[in-house]
Amino acid sequence: MDGSEINSVNNLPSAEILECPKCGSDLRLTGFLLTKNIACGKCHSLFAYANGNLKVIKIFKKEKKKHNHIPIGTKGTIDGRKFEVVGFANYREANTPYAWDEYTLFNPIHGFTFLSVYEGHWNYFEQTILRPRPQGGDVNLNGDSYRIFNRYKQKTDYALGEFPWDISENPSTITEYINPPHILAHDKDTNEETWFLGRYITPKEIKEAFNLQSHFPEQTGIGSTQLHSSAASLSKVKQITLYVVLSMLVLQIILSISARDKIVFKDQFNIPGNQAGGIVSPPFELENTLFGKSNLQVELIAPVHNSWMEADITLINDKTGEEFHFEQGVEYYSGYEGGEAWSEGQNYTDNTLSSIPAGKYHLNIFPATPPDGGPGYFQLKLTQDVSMLSNFFITLLIALIFPIALWISISSFEAQRWMNSDFSPYSYE
Amino acid sequence: MEDKFDCTCGHPISFRKKITVSIACTSCRNLYCLTNNTFLKISTLRPVVEDVSPLKIHTEGKSESKEFSITGRQQIIYSSSYRNLWSATYTNGEHFQIGESYGTYSILNELSIEASPAKFRNLKVGKELQIAPKHFFYVNGIYEMKSITAEGDLPTPVILQPQCITIELSNNKFESLIINIYGDNDIKISSGRFLNFEDFSFKNTRNLNGWI
């Protein structure tokens, strides 16, 4: 009899308390045959456990002791399954300073699962029976691609509680693949390989799962499987943006096709010598359109040269008296300076008035020129219901501001995530 | 149909006619195997070790809508792992095994394949093995058996070979393949599929003490 036999066939055993052979402290045994190592929290000894016997295999340095935020023996429920925290270890990527904590959870029905925390970011791991397919250097599980993120050998710096394998020697190579918020960890040595499927889990979820009030480590940086707060909505935003842009394009095409581009007025006017004098145009008609109102493009041409011309123009509805006032001007200068010809401005300008009701109109024009001369005449051309591409582009820009800002934010987030990886697709200066 | 005989320790042993092949005395753990229609004592088994399994002999369940009952188990201990092979019998007398290890469960049936151990000796962890056209498995682990013990009534022989290499394989169709190579020449292959604990609708398990 070695103390490892079944005491009660009808009942699952309660945790057994063993005595630490080094310091006499209590050591808790929950997994029985499944437990390979037990570490003492008082004398920091790590024991191999077999057949009821404890054999010391390592003593951790006292200064390597780490605080476990979830006490051994705490019970909680994750994904509807009850677990007890049976082990806590601080691992380090061999030959690097990168270290993380890992809690071993146990349920007699479902076996062992793990909670891993690095820089305040937690992942919950379960062993998976399914074997991901290789996909170049990456892997694919159930149609989802996981990108290689890290490959390393691990070293145990500190441990407390029990473990289902020998943590004193870590001959296996661990490769991590991510598809946030999920992660696949591949643990392989010469005799065995195991795949673990993990997911990002928030400190709040863990505290709720184990009914804890304790303070958890602060989060720093971006976790390997952390999701951007808006990542879930990015694909939806992309989809909505696509629909909006397509709808705008269709609307613009319809508006362009249906635009009349009708010249309703075209005339040339002499500029009166008396600057105070105004010009009254002959009447013209703006026809009714589909929307009742339409835009009106006003083109002004004047033969200015090293001069300017401005006009204060009022469009007046002959029936209602409604007025639309605007100013429009042209200027053009040219010369030869320092061996080079230069020019500035032009003798043409256009301006588009929007939402002008149909009806009979005339123009009151008050032209102005420099006192020392200017053009003697100018031309005005009014075109009703012109196709306006500028409106389309302005609306398009507004529609794209949010998706582009979101995309930039997520790209920056991803670049930060991959800073912790040896396999980053980003280049960092 | 049940029959009985007395163990050398005097304890009566009940067995199932035409089904039981191996049976262990619940009192002294003597193992008897059916040889020429007679149960012969072949060894005294080590006690089954507490492995926190929720299952026990007389646990009942359902598989493919057929009810079964667990009659015995083999507990195989490797240097870094373990496996329970629970023997289960449907009400119609057909039997199968439930593989259990670290919270994973599978239904297993022994294959009657004539194969040479040499074919499998060079398998390495992670390697692919094709057992039929377009039917692949991958090696998850290669384990050397440290000890084997058994309890209850088993419709299969308990092979107490001192040397046994177990090769565990699986694939993405939730299928499982276990190759046991005994000594130099003997080989046994079992195949099946993984299931969740809940899929078996187990009844009369050990008292789960609020774990479920």
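A polar contact is a pair of N or O atoms within 3.5 Å; within protein, one must be able to donate a hydrogen and the other to accept it. Keep that in mind for the interface.

Morning, everyone. What you see above is a predicted model.

Start with the interface. On one side, 40 residues of chain A take part, and they are in contact with 42 residues of chain B. The area buried between the two chains is about 3,700 Å². Carbon and sulfur atoms give 59% of that area.

Now the pairings. Across this interface there are 16 residue pairs in polar contact, both residues at pLDDT 80 or more.

Where does the chain A side come from? Three strands of chain A give two or more residues each: β7 (81-93), β8 (99-107) and β9 (111-118). The largest share, four residues, comes from β7(A). By class, the chain A side has 16 nonpolar, 12 polar and 12 charged residues.

Last, the histidine. A:His44 is in the loop between β3 (37-39) and β4 (45-50) of chain A. Buried or exposed? A:His44 counts as buried, because its relative accessibility is 7% and the cut-off is under 20%. Leaving aside residues up to four places away in sequence, A:His44 touches A:Lys58, A:Ile59, A:Phe60, A:Lys62, A:Lys65 and A:Tyr158.

That's it from me.

Key: Residues numbered from 1 in each chain as written. Chains lettered and ligands numbered in written order. Predicted model: local features only at pLDDT ≥ 70, side-chain atom pairs only at ≥ 80, totals over all residues. Heavy atoms only, no water. Buried < 20%, exposed > 50% of the residue type's maximum accessible area, 1.4 Å probe, protein only. Contact = heavy atoms within 4.5 Å. Buried area = accessible area lost by both parts, 1.4 Å probe. Polar contact = N/O pair within 3.5 Å; in protein donor to acceptor, adjacent residues only side chain to side chain. Nonpolar A, V, L, I, M, F, W, Y, C, P; charged D, E, K, R; others polar.
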